[in-house]
Amino acid sequence: LTKCQHTVTIIFVDHASGLDYVHLQESTSAIDTIVAKEAFQRFASRHNVKLKHYHCDHGIFASKKFHAAIKDANQTMTFCAVNAHHQNGKAENRIKIITEGARTALLHASHRWPTAVNAALWPAALKNYVNLRNCRPTKYIPQQRVGKHIIRAQYHSSPLSKLSGTEVEPNLDHFHPSGSPVYVLTNSL
């Protein structure tokens with residue numbers, strides 16, 4: 001397992017909630033792509049969401065095995081035209097945002113701790129950035145005055161809460177920058 005390397009990333013974007021799901025793969029095979037699709041479906045079903053449709057680029061998504069997996073799951077699929085990535089602009093933009101955010105986090109961590117942080121941590125930085133992005137509130141309500149009372153400014157409605165249909169927001173204090181050192185303390189110390 002220590003010699004396995006992730007060389008491919010599939011990013012699923014839920015257009016309704018703005019949620020991103022990243023799945024790391026070792027190859028671009030149809031089997032690995034179907035495993036990624038099934039992992040995203042399990043993630044969505046844990047939040048009581050049933051996936052019905054995929055809008056994809058061509059390539060491995062046009063394979064017979066992937067078509068069969070879509071059909072077996074009672075789902076539908078459409079494709080962008082060849083060399084027309086702008087038809088899937090939301091996903092293409094999200095890929096740019098995620099890679100730039102993860103790269104920035106990894107470069108920052110490498111600058112702060114150069115002996116421990118290197119490019120091998122790219123998958124962890126990518127997953128960490130997507131996790132933070134999914135939990136970060138996106139809606140801002142400015143401070144309001146109601147009579148003599150002041151209602152403080154609030155942030156709420158993260159992509160994860162939109163997907164799950166809940167208003168419970170995660171505690172952002174529990175998140176740490178990618179590449180942060182972690183120490184395990186034992187009772188004897």
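Student: Where is Asn 74 found?

Tutor: Asn 74 is in the loop between helix H2 (64-72) and S4. Helices (H or I, at least four residues) and strands (E, at least two) are DSSP runs, numbered from the N terminus. By the way, this is a predicted model, where local features need pLDDT of at least 70, side-chain atom pairs count only at pLDDT 80 or more, and totals for chains, interfaces and linings use all residues. Residues are numbered from 1 along each chain as its sequence is written, and side-chain values use heavy atoms, with hydrogens and water left out.

Student: What makes Asn 74 count as buried or exposed?

Tutor: Its relative accessibility is 65%. Buried means under 20% relative accessible area, exposed over 50%, and partly exposed in between (1.4 Å probe, protein chains only). The value of 65% is over 50%, so Asn 74 counts as exposed.

Student: What is the phi of Asn 74 like?

Tutor: Phi is near 55°, a positive value in a residue other than glycine. Most residues other than glycine have a negative phi. Asn 48 has a positive phi too, at about 60°, and is not a glycine. You'll find Asn 48 in the loop between H1 and S3. With a relative accessible area of 75%, Asn 48 is exposed.

Student: And Ala 84, how do you know if that counts as buried or exposed?

Tutor: Ala 84 has 6% relative accessibility. That is under 20%, so Ala 84 counts as buried. Look for Ala 84 in the loop between strand S4 (76-79) and H3.

Student: Is Pro 177 buried or exposed, and how do you know?

Tutor: The relative accessible area of Pro 177 is 56%, which is over 50%, so Pro 177 is exposed. Pro 177 lies in the segment after helix H5 (159-164).

Student: Zooming out, what does the secondary structure of the protein come to?

Tutor: There are 5 helices and 8 strands. From the N terminus on, the elements run β-β-α-β-α-β-α-α-β-β-β-β-α. The protein has 189 residues, of which 33% count as buried.

Student: How many salt bridges does the structure hold, and what makes a pair count as one?

Tutor: The structure holds 2 salt bridges. A salt bridge is a side-chain nitrogen of Lys or Arg within 4 Å of a carboxyl oxygen of Asp or Glu. Arg 94 and Asp 20 have their closest N and O atoms 2.6 Å apart, and that is within 4 Å, so the pair qualifies. Arg 94 lies in helix H3 and Asp 20 in strand S2, so this pair ties together parts that are 74 residues apart in sequence.

Student: What about Asp 20 and Arg 133, how close are their N and O atoms?

Tutor: The closest N and O atoms of Asp 20 and Arg 133 are 3.3 Å apart, which is also within 4 Å, so that pair is a salt bridge. Asp 20 lies in strand S2 and Arg 133 in helix H4 (residues 122-135), so parts that are 113 residues apart in sequence are tied together. Both Asp 20 and Arg 133 are buried, and Arg 94 is buried as well.

Student: What links Asp 20, Arg 94 and Arg 133?

Tutor: A network of salt bridges. Side chains of opposite charge can pair when their charged atoms come close.

Student: Why does Asp 14 have no salt bridge?

Tutor: Lys and Arg count as positive and Asp and Glu as negative, while His and the chain ends are not counted. The nearest side chain of opposite charge is Lys 90, 8.5 Å away, which is not within 4 Å, so Asp 14 has no salt bridge.

Student: What joins the side chains of Asp 14 and Ser 17?

Tutor: A polar contact of 2.5 Å. A polar contact is a pair of N or O atoms within 3.5 Å; within protein, one must be able to donate a hydrogen and the other to accept it, and residues adjacent in sequence count only if both atoms are side-chain atoms. Asp 14 itself is in the loop between strand S1 (8-13) and strand S2 (20-25).
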